[in-house]
Structures are given as C-alpha cells and as structure tokens.
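Please examine the sequence and the three-dimensional model shown below.

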Amino acid sequence: CNGTSDDPSTTTADPSGVAFGRGEVPDTVPDSFPVPDQARVGATLVDANRNLTEMILTFPANADAVVDYYEENLPARGYEITVSEGTDAEWVIEFSGDGFEGIIRVKASGSGVAAATVQLTKT
C-alpha cells in the first residue's frame, strides 16, 4: 500500500475532467513513484485535461528526512532530479522520469511532522 489515511477514501469528479479525492494515492500516479508506507495521503486532485495529478502527503518525520527520502528514492526508481534546493522553511525538488515531470514541495509542519505537496504532469 502506498500511504495510509485515517480518513475514509473518497473521490469526487466533476464534468470538467477534474477529480478530487482523499486518503488514497490516485491511480494516475505511476507505481514507480515512491510513497513511503508511513505517509498519510490527504487531499488529491486529478485534472485529466491537463494530465496533472496533485496530492498532499504528511509524514511523521522532519522535513530534512523527507527531502533525504526523495533524494535517495527518486533516482533509485528511475527518476532524474533536476533541482533540489530550498531553506529550512521550504524545500523544492524537481524531477522527471517514467513519462512524468514533477515537483515536490516539502515544508515542516511542526515538531517531527512534515508535509509535501506532490505535483505530477504526464509528458
């Protein structure tokens, strides 16, 4: 399972091709994309017209550990990191691979908790 949630999983689509969800990694995220089991999946958005998927993940770890996880696991799964930079407040990782370009924005959310916004665009 990629990520878990205490919230019931939900998905709502509207006629514009946009689907909102919660609690599950969307089917549009490639299996190769790393999501640690301890991550909780919050809000998700899939925009079929723009080939865009977004999801918010929270981690029981500090932001540095989340950045380290992605810097290690993205290349190990075939993704090329093109940018990895930031500050203690926010870190941005840009990457491409498996037919996608993506951005991960990692922010500290409190003591020992971090959140990441993941945006994937199918190329």
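Six aromatic pairs are counted in this predicted model, where rings of Phe, Tyr and Trp (its six-membered ring) pair if their centres lie within 6.5 Å, and where planes under 30 degrees apart count as stacked, over 60 as edge-to-face and the rest as tilted. The rings of Y69 and Y70 are edge-to-face, because their centres lie 5.0 Å apart and their planes stand at 85°. Y70 is buried, with a relative accessible area of 0%; the term buried means under 20% relative accessible area, exposed means over 50%, and partly exposed lies in between (1.4 Å probe, protein chains only). Y69 has a relative accessibility of 21%, so this residue counts as partly exposed. A further edge-to-face pair is formed by Y79 and F95, with 5.6 Å from centre to centre and 85° between the planes. This pair links distant parts of the chain, since Y79 lies in the loop between α1 and β5 (80-86) while F95 belongs to strand β6, 16 residues apart. Y79 is buried at a relative accessible area of 4%, and F95 is buried at 2%. Ring pairs join F33, F59, Y69, Y70, Y79 and F95 into a cluster.

Residues are numbered from 1 along each chain as its sequence is written. As this is a predicted model, local features need pLDDT of at least 70 and side-chain atom pairs count only at pLDDT 80 or more, whereas totals for chains, interfaces and linings use all residues; side-chain values use heavy atoms, with hydrogens and water left out.

The protein chain contains one helix and eight strands, where helices (H or I, at least four residues) and strands (E, at least two) are DSSP runs numbered from the N terminus. Along the sequence, these elements follow the pattern β-β-β-β-α-β-β-β-β. Of the 123 residues of the chain, 38% count as buried.

Consider next how strands are joined. Two strands pair if DSSP finds at least two bridges between them. Strand β6 (residues 90-97) runs antiparallel to strand β7 (residues 100-110), and eight bridges join them. In this pairing, S96 stands opposite E101 of β7. The hairpin of β6 and β7 has two residues between the strands, and D98 takes a positive phi near 55° there. β7 also pairs with strand β8 (residues 113-122), in the antiparallel sense and over 10 bridges. Here R105 stands opposite T117 in β8. The hairpin of β7 and β8 likewise has two residues between the strands, with G112 at a positive phi near 75°.

What lines the largest cavity? Its lining consists of A63, D64, V67, T87, D88, E90, W91 and V106. A cavity is a set of points on a 1 Å grid over the protein atoms alone where a 1.4 Å probe fits but cannot get out, and lining residues have an atom within 4 Å of a point. α1 (63-76) and β6 each supply at least two residues of this lining, and α1 gives the largest share, three residues.

Finally, confidence should be considered. The chain averages a pLDDT of 90, and 88% of the residues score at least 70; pLDDT is the predictor's confidence in each residue, from 0 to 100. Among the elements, β5 has the highest mean pLDDT (98) and strand β1 (residues 10-13) the lowest (62). Where pLDDT is low, the predicted coordinates should not be read in detail.

Technical notes:
1 Å grid on protein atoms, 1.4 Å probe; cavity = no way out; pocket = protein on both sides within 12 Å on 5 of 7 lines; lining within 4 Å.
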